[in-house]
Structures are given as C-alpha cells and as structure tokens.
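Trainee: I would like to go through this model feature by feature. Please give the general idea each time, then the case at hand.

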Amino acid sequence: MANDSTGPRNRILRSLATADYERLALGLERVCLESSQVLYEPDVPIEFVYFIENGVASVVGVMADGSAVETATIGYEGMVGLPLFHGVDRTAAQCFCQVPGEALRMTAANFQAEVRRNEVLAVTLGRYTQALFTQVAQSSACNRVHAMRARCARWLLQTHDRVMSDTFCLTQRFLAQMLGVRRATVTEAAGSLQSAGLIEYKMGTIRVLDRQGLESAACECYFIISRELERLLDGRESPNPLQRVHTSSHGQSELTEPTPRSEQLENGRGASSSFTT
C-alpha cells in the first residue's frame, strides 16, 4: 500500500496499492491552495479534482442574494470534485479553499479514466461518498438542533483534524459564513470557548489550547461524523455515540421530535464574550 512516510497524506490515495498509486501519480500535480481560492463554480464544468493533503476546502450552497452557507468541508480524508465520480460534470454548489494548504490535482479527464480502470479507487470513492453524505446530513440536523457553542466547537474540531498545526487562520466573518449565522452570534459562541481556555483568537488566527476540552464542548455530531469516516475509510470501529439511544420497536421508529437549541445564543441567553474581530 502507498502508506509509507514518503507517500501521500490523503486517505483516499493511501488506500491504493503502490503500483496503482504510482500510475495515478503520473497525472497528479502538487498545488498550493490559497484562502478563498475557488476550486469549482456553480453550474460550470469541473476541470480538476483535488486530493487534499492539508488544509480545508468548503462546499457552500449559494443563494439568489449572493450569500452562501457551508454544507460540507473536505480535508485530507477526501477529494474535491466528487460529482465527476458520479458521472456528472457540474453541480449547483461552489467549492473554495477555506484553510490554506496543499493538494494533489488531476484533470477531470484523467481522473475519470483512472476510475474506470482502478476498482479499488472506485470502491474507496464510493465509501467516501457515504461518509460525506453522513457529514452533510448530520451537520444539517446539528445546525437545526444544537446550540451555537457546541456547533462552533464541532466545526473547530473538524478543522483541527485536517490541518497539521494547533494554529490556523480563521476570521470571525468567515466562521459566521460557515456556520450560517450572524457575526455577533459567532462572537458570543467563540468568546465562550475562549473564556473557558479552550481556544485563543488573535488577529484572525485560531489556536487550539485544550483539545480534550473542545471535544467536551462539542455535540455528539462531531463524533458521529468522525466515526463514519474511520469506519468507511480506515476500517476501524470506534464506540458508537448513539449506542444507548432507543430508536425503534417492532420495526417502528420511536424517535421523537427535537428541541431546537440553535437559537439560544441569538436570543441573548449565551455567555459573555471577549472574542473580537
């Protein structure tokens, strides 16, 4: 397998046998990704796929007024340009670089040819598709139900997992866009995490000070998403955060309606903040 210290960091590429990776590598180009760099546009043919090595890309849903809300993030576990794997050349979303880093880039034509000849790559991308769907679905539910502080902690943990440092660039405005809320709401939530000594924010840079504390502040959605990635891409089974939840009886769902807490901070019930722009 292509999993030695000199091989790619990207988890999809590391799943390939050495010979398969070496053939695919002939069509790969290492590129640097800058903050806000567009990787594909809405309803425009996708020219390249990007196997992220470090940094984070963001997929956003675009609204008619020009605003956008994040629907998924992609790091070294995945690939930008997944619609091409499913046989379509464009999508309604935009994808751009959220946290600067590096990626291995391949043209759409070369990628599609490789998928046709490489069964392991195709199977791994299919499993990654399911993991990404889990992220999108769980994040959607999280954004409706969970309090902003927990959502913010989840998002910061997902970013921390993908960068190779405890410190990464992130403006308050950018975080508000990613979480789909007003900047004042992010100020409140991130300020609470900073006051608790879990993060430090200074001049557009986030530093994670207490990873374990940040995990405690996050909701279960972070662990559900992470567990699915490990299970589907690495074949590792970790404890199920939902194992004590009673979901059905005699084939009938017994799940109840949620009690939304996502507006608590917006309604003025959050902690005081020292988190500033």
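Mentor: Start with a pair of helices: H6 and H7 are roughly perpendicular to each other. Angles count as roughly perpendicular from 65 to 115 degrees, roughly parallel under 35, roughly antiparallel over 145, and oblique for the rest. The model is predicted, so local features need pLDDT of at least 70 and side-chain atom pairs count only at pLDDT 80 or more, while totals for chains, interfaces and linings use all residues. Residues are numbered from 1 along each chain as its sequence is written, and side-chain values use heavy atoms, with hydrogens and water left out.

Trainee: At what angle do the axes of H6 and H7 cross?

Mentor: Axes are lines fitted to C-alpha atoms, for helices over the stretch in contact, and angles run from 0 to 180 degrees between N-to-C directions. Helices are DSSP runs of H or I with at least four residues, strands are runs of E with at least two, and both are numbered from the N terminus. Here, H6 (residues 172–179) and H7 (residues 183–195) have axes that cross at roughly 100° and come within 9 Å.

Trainee: Which residues make the contact of H6 with H7?

Mentor: Contact means heavy atoms within 4.5 Å. H6 contributes Gln-172, Arg-173, Leu-175, Ala-176 and Leu-179, and H7 contributes Arg-183, Val-186 and Thr-187. Sorted by class, this contact has 4 nonpolar, 2 polar and 2 charged residues. Nonpolar covers Ala, Val, Leu, Ile, Met, Phe, Trp, Tyr, Cys and Pro; charged covers Asp, Glu, Lys and Arg; the others, Gly among them, are polar.

Trainee: How should I read the crossing of H5 with H6?

Mentor: The axes of H5 (residues 148–162) and H6 come within 11 Å and cross at roughly 105°, which makes H5 roughly perpendicular to H6. Met-148, Arg-151, Cys-152 and Trp-155 of H5 meet Leu-175, Met-178 and Leu-179 of H6. By class, this contact has 6 nonpolar, no polar and 1 charged residues.

Trainee: Which residues of helix H1 are buried?

Mentor: Buried means under 20% relative accessible area, exposed means over 50%, and partly exposed lies in between (1.4 Å probe, protein chains only). In H1 (residues 18–25), the buried residues are Asp-20, Tyr-21 and Leu-24. Viewed down the axis of H1, they fall within an arc of 95°, so they line one face of the helix. The arc is taken from the directions from the helix axis to the C-beta atoms. The buried residues of H1 pack against strand S6 (94–107), helix H3 (108–117) and helix H4 (119–145).

Trainee: Is Glu-114 buried or exposed?

Mentor: Glu-114, in helix H3, counts as buried because its relative accessibility is 3%. Beyond its neighbours within four places in sequence, Glu-114 is in contact with Asp-20, Arg-23, Leu-24 and Leu-121. Its side chain also makes a polar contact of 2.7 Å with the side chain of Arg-117. A polar contact is a pair of N or O atoms within 3.5 Å; within protein, one must be able to donate a hydrogen and the other to accept it, and residues adjacent in sequence count only if both atoms are side-chain atoms.

Trainee: Which side chain does Arg-227 join by a polar contact?

Mentor: The side chain of Arg-227 is joined to that of Glu-237, at 3.2 Å. Arg-227 lies in helix H9 (residues 220–234) and counts as buried, with 18% relative accessibility. Not counting residues up to four places away in sequence, Arg-227 touches Glu-237, Ser-238, Pro-239, Asn-240 and Pro-241.

Trainee: Where is Gly-81, and what does Gly-81 touch?

Mentor: Gly-81 is in the loop between strand S5 (79–80) and helix H2 (82–85), and at 1% relative accessibility it counts as buried. Leaving out residues up to four places away in sequence, Gly-81 touches Tyr-40, Ile-46 and Val-49. Gly-81 and Phe-111 are 30 residues apart in sequence and 9.9 Å apart in space, C-alpha to C-alpha.

Trainee: What is the phi of Ser-36?

Mentor: Phi of Ser-36 is near 75°, a positive value in a residue other than glycine. Ser-36 sits in the loop between strand S1 (29–33) and strand S2 (38–40) and is partly exposed, at 47% relative accessible area. His-250 also is not a glycine and has a positive phi, about 55°. His-250 is in the loop between S10 and strand S11 (252–253), and counts as exposed at 81% relative accessibility.
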